[in-house]
Amino acid sequence: MKFEGIVERFPGLCVAEGIIKNLEIRPVAEDLERLKPEIAGKIQSTYTLESVKDAPGFRAYRDFFWSVGVDPTKTRPASEALVRRILAGKPLPTINTAVDAYNLISALHGVPIAAFDADLLHGELTMRFAAPGERFQGIGMKEPVELKPNQVIICDEADNDVVGEIIAVYPYRDSDSTKVTMATKNMHVISCGVPGIGRETVLDTYRACAANLAKYCSGNPAEPILHP
């Protein structure tokens with residue numbers, strides 16, 4: 001992954017990325033469903049709805065959100081949103097075995113995970129600030145929204161004459177057009193760090209995610225690459 005102006009603005013930000021190949025994604029898996037209450041129990045024994053916002057890890061993501069003009073009380077960091085759902089007594093959504101597998105790791109480790117259908121991406125990814133007028137349609141959004149110039153985005157490379165696509169607003173919303181579905185065979189996974197989150201934590205989250213995808217989706221994970 002390349003960085004354009006991001007590391008200078010946010011020293012300490014890092015990501016771990018890699019490809020998980022030859023996935024066999026199913027609608028649901030009984031052993032994965034049995035894991036969900038176990039993970040929920042661990043999270044419920046660690047946090048409360050009142051305390052979660054002050055946990056150092058979640059606080060680091062909230063501080064990052066404020067710094068790029070996003071209100072984290074209205075738009076939650078992805079991992080915190082999952083944890084809050086569990087603490088409120090709501091079940092984690094069942095999407096498919098791949099998404100469910102990495103959502104559990106994101107909630108348990110407190111680190112957002114971005115994931116994309118690798119076969120829909122082009123070239124090397126770049127993290128940069130959004131340009132004025134750029135638009136983005138994330139998963140679950142009915143139509144594209146215009147981004148603020150200080151928002152951090154990830155895009156792929158231009159393909160021939162086609163401009164590189166914005167595939168994520170970092171670190172909380174992935175693009176609808178490159179999302180992981182039942183048809184996905186190869187996934188590009190990113191463990192998303194911000195200043196205040198240790199590099200080992202970011203690496204450990206990727207590795208745990210890769211292990212879950214190997215176990216529940218029969219994937220073949222690559223070793224992660226840590227940037228920068």
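Let's start with Ser-106, whose side chain makes a polar contact with the backbone oxygen of Val-111 at 2.8 Å. A polar contact here is a pair of N or O atoms within 3.5 Å; within protein, one must be able to donate a hydrogen and the other to accept it, and residues adjacent in sequence count only if both atoms are side-chain atoms. Please keep in mind that this is a predicted model, where local features need pLDDT of at least 70 and side-chain atom pairs count only at pLDDT 80 or more, while totals for chains, interfaces and linings use all residues. Residues are numbered from 1 along each chain as its sequence is written, and side-chain values use heavy atoms, with hydrogens and water left out.

Back to our serine. Ser-106 sits in helix H5; helices (H or I, at least four residues) and strands (E, at least two) are DSSP runs, numbered from the N terminus. Is Ser-106 buried or exposed? Ser-106 is buried, at 2% relative accessible area, where buried means under 20%, exposed over 50%, and partly exposed in between (1.4 Å probe, protein chains only). Setting aside neighbours within four places in sequence, Ser-106 is in contact with Ser-79, Leu-82, Val-111, Pro-112 and Ile-113. Contact means heavy atoms within 4.5 Å.

Now to Asp-174, in strand S9. Asp-174 is buried too, with a relative accessible area of 12%. Which backbone nitrogen does the side chain of Asp-174 reach? That of Ala-115, at 3.2 Å. Leaving out residues up to four places away in sequence, Asp-174 touches several others, including Ile-113, Phe-116, Phe-136 and Ile-167. For a sense of distance, Glu-143 is 31 residues from Asp-174 in sequence and 14 Å away in space, C-alpha to C-alpha.

Next, the empty space. Rolling a probe the size of a water molecule over the atoms shows where empty space is left. On a 1 Å grid over the protein atoms alone, a cavity is a set of points where a 1.4 Å probe fits but cannot get out, and a pocket is an open set with protein on both sides within 12 Å along at least five of seven lines; lining residues have an atom within 4 Å of a point. Grid points are joined across faces, edges and corners, and a volume is the space filled by probe spheres set on the points.

The largest pocket holds about 810 Å³ of space. Its lining has 30 residues, and Ala-78, Leu-82, Asn-103, Tyr-172 and Arg-173 lie nearest the centre. Which element gives the largest share of that lining? H4 does, with 5 residues. H4 (78–87), H5, S3 (113–117), S8 (166–169) and S9 (173–174) each supply at least two residues. By class, the pocket lining has 19 nonpolar, 3 polar and 8 charged residues. Here Ala, Val, Leu, Ile, Met, Phe, Trp, Tyr, Cys and Pro count as nonpolar, Asp, Glu, Lys and Arg as charged, and the others, Gly among them, as polar.

How many cavities of 30 Å³ or more turn up in the whole structure? The search finds 1. The largest cavity contains about 30 Å³ of space, and its lining is made of Lys-36, Leu-82, Leu-92, Pro-93, Asp-100, Asn-103 and Leu-104. Helix H5 (residues 97–109) gives the most to that lining, with 3 residues.

On to the aromatic rings. Rings of Phe, Tyr and Trp (its six-membered ring) pair if their centres lie within 6.5 Å; planes under 30 degrees apart count as stacked, over 60 as edge-to-face and the rest as tilted. The count comes to 5 aromatic pairs. One of them is the tilted pair of Phe-10 and Phe-129, 6.3 Å centre to centre with 45° between the planes. Phe-10 lies in the loop between helix H1 (6–9) and strand S2 (15–21) and Phe-129 in strand S4 (residues 126–129), so this pair ties together parts that are 119 residues apart in sequence. Phe-10 is buried at 6%, whereas Phe-129 is partly exposed at 23%. Phe-10, Phe-64, Phe-129 and Tyr-170 form one aromatic cluster.

Last, some backbone details. Tyr-170 is joined to Pro-171 by a cis peptide bond, with omega near -5°, and Pro-171 is in the loop between S8 and S9. Another cis bond joins His-227 and Pro-228, with omega about -15°. Asn-22 is not a glycine, yet has a positive phi of about 60°.
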